[in-house]
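Dear colleague,

I am handing over a structure that will be new to you, and I would ask you to keep it open beside this message while you read. My notes on what was found follow below it.

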Amino acid sequence: MSDIQYKFHPNKKATIITAPFSGGQPKGGVELGPEYILKAGFEKQLEHLGWQTEVANPLEKTNYEAQKSNDKDSFGVKNTKIVSECCQKIHEAVRSALSSDRLPVTIGGDHSIGTATVSAALEHNPDACVLWIDAHADINTPKTTESGNLHGCPISFVMGIDSDSYPPEFAWVPQNLKANRIAYIGLRDVDDGEKAILKKYNIPAFSMYHVDKYGIGKVVEMALDAVNPERKNPIHLSYDVDAIDPSFVPATGTRVEGGLSLREGLFIAEEIAHTGLLGSIDIVETNPLLAETEEHILDTVSAACAIGRCALGQTLL
């Protein structure tokens with residue numbers, strides 16, 4: 001049982017939203033992430049912390065995996081239709097949870113679902129801020145992306161950057177994220193186009209250089225100072241497991257050496273929990289099929305579960 005009080009969820013009710021989706025990138029297996037995380041006992045772990053839980057499966061009767069393609073469309077991106085449809089369903093599930101005074105815990109699945117979760121959090125409370133924990137900035141636009149993979153574009157869609165280049169399928173996305181309401185932690189693989197966007201919009205971004213220079217505690221403090229200086233607004237925590245070094249989480253799709261240690265990664269979630277301001281959370285990019293051993297699967301799934309537990313109140317003492 002956790003003693004942490006959550007300002008925006010005082011009754012400690014949570015909805016685990018499964019997002020078994022891989023259409024935002026070409027590698028199969030990430031759609032299995034939610035299944036593995038739940039089989040590891042994630043729901044019971046949250047209940048042990050004092051949360052009343054339910055599970056929502058908004059993609060339950062869909063077959064997006066069979067519709068995946070590796071071909072770019074006329075806008076320079078891939079799988080536009082299925083990514084948009086998936087995100088709409090996830091968006092509605094997150095909004096439904098929040099409107100029922102439940103904390104949405106969305107487990108993926110690839111990070112393209114961030115389009116849905118971030119926009120839903122901000123529709124529910126326009127004062128919400130976003131902490132994006134990731135090796136990658138995921139702020140490419142159809143104009144800047146080289147790969148065409150939409151898991152690299154969710155933030156640009158919610159911010160409305162280069163909106164004239166958007167496929168019409170994304171016309172539904174609320175462009176409700178302001179540049180001063182999002183901060184990044186853990187960056188270490190940022191495209192040139194993304195660097196230009198981060199600088200143009202003066203978006204607070206803390207790379208592994210900053211973590212090495214200041215320490216993870218100071219970096220989290222600086223990130224919160226930038227987007228939630230009075231510590232009064234809800235925090236949407238969007239956590240890609242590849243923010244943590246692949247020596248700790250090897251079963252993920254876009255591994256980059258030199259990441260957060262497991263303790264640094266968990267500290268971020270712990271510190272957000274201690275603010276009492278967590279409003280919603282995503283945990284994405286666990287891909288069991290990319291593991292070389294069973295131990296790799298166990299390590300990655302265990303890390304994903306631990307991120308969720310720490311964000312929802314597990315403490316070391």
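This is a predicted model: local features need pLDDT of at least 70, side-chain atom pairs count only at pLDDT 80 or more; totals for chains, interfaces and linings use all residues.

**The sheet and its strands**

Residues are numbered from 1 along each chain as its sequence is written, and side-chain values use heavy atoms, with hydrogens and water left out.

Strand E4 (residues 129–133) and strand E7 (residues 235–240) pair in the parallel sense over five bridges, where two strands are said to pair if DSSP finds at least two bridges between them. The names of the elements refer to DSSP runs numbered from the N terminus, with helices (H or I) of at least four residues and strands (E) of at least two.

**Aromatic pairs**

A pair of aromatic rings is described by the distance of the centres and the angle of the planes. Four aromatic pairs are present in the structure, with rings of Phe, Tyr and Trp (its six-membered ring) counted as a pair if their centres lie within 6.5 Å, and with planes under 30 degrees apart taken as stacked, over 60 as edge-to-face and the rest as tilted. One of them is the edge-to-face pair of Tyr6 and Trp51, at 5.1 Å centre to centre and with 70° between the planes. This pair links distant parts of the chain, since Tyr6 is in the segment before E1 and Trp51 is in the loop between helix H2 (42–48) and E2, 45 residues apart. Both Tyr6 and Trp51 are buried, where buried means under 20% relative accessible area, exposed over 50%, and partly exposed in between (1.4 Å probe, protein chains only).

Phe157 and Tyr166 also form an edge-to-face pair, at 4.8 Å centre to centre and with 85° between the planes. Phe157 is buried at a relative accessible area of 2%, and Tyr166 is buried at 10%. Ring pairs join Phe157, Tyr166 and Phe170 into a cluster.

**Charged side chains**

Side chains of opposite charge can pair when their charged atoms come close. The structure holds eight salt bridges, each being a side-chain nitrogen of Lys or Arg within 4 Å of a carboxyl oxygen of Asp or Glu. Among them is the salt bridge of Glu54 with Arg102, whose closest N and O atoms are 3.3 Å apart. Glu54 lies in strand E2 and Arg102 in the loop between H3 and E3, so the pair ties together parts that are 48 residues apart in sequence. Glu54 counts as partly exposed at 37% relative accessibility, whereas Arg102 is buried, with a relative accessible area of 9%.

Another salt bridge joins Lys39 and Glu35, with the closest N and O atoms 3.0 Å apart. These two residues are four apart in helix H1 (residues 33–39), and are therefore separated by about one helical turn. Lys39 is exposed, with a relative accessible area of 66%, while Glu35 counts as partly exposed at 38%.

**A buried threonine**

Thr300 is found in helix H10 (residues 294–311) and is buried, with a relative accessible area of 0%. Leaving aside neighbours within four places in sequence, Thr300 is in contact with Val241, Phe248, Val249, Pro250, Ala251 and Thr286.

How values were computed
Contact means heavy atoms within 4.5 Å.
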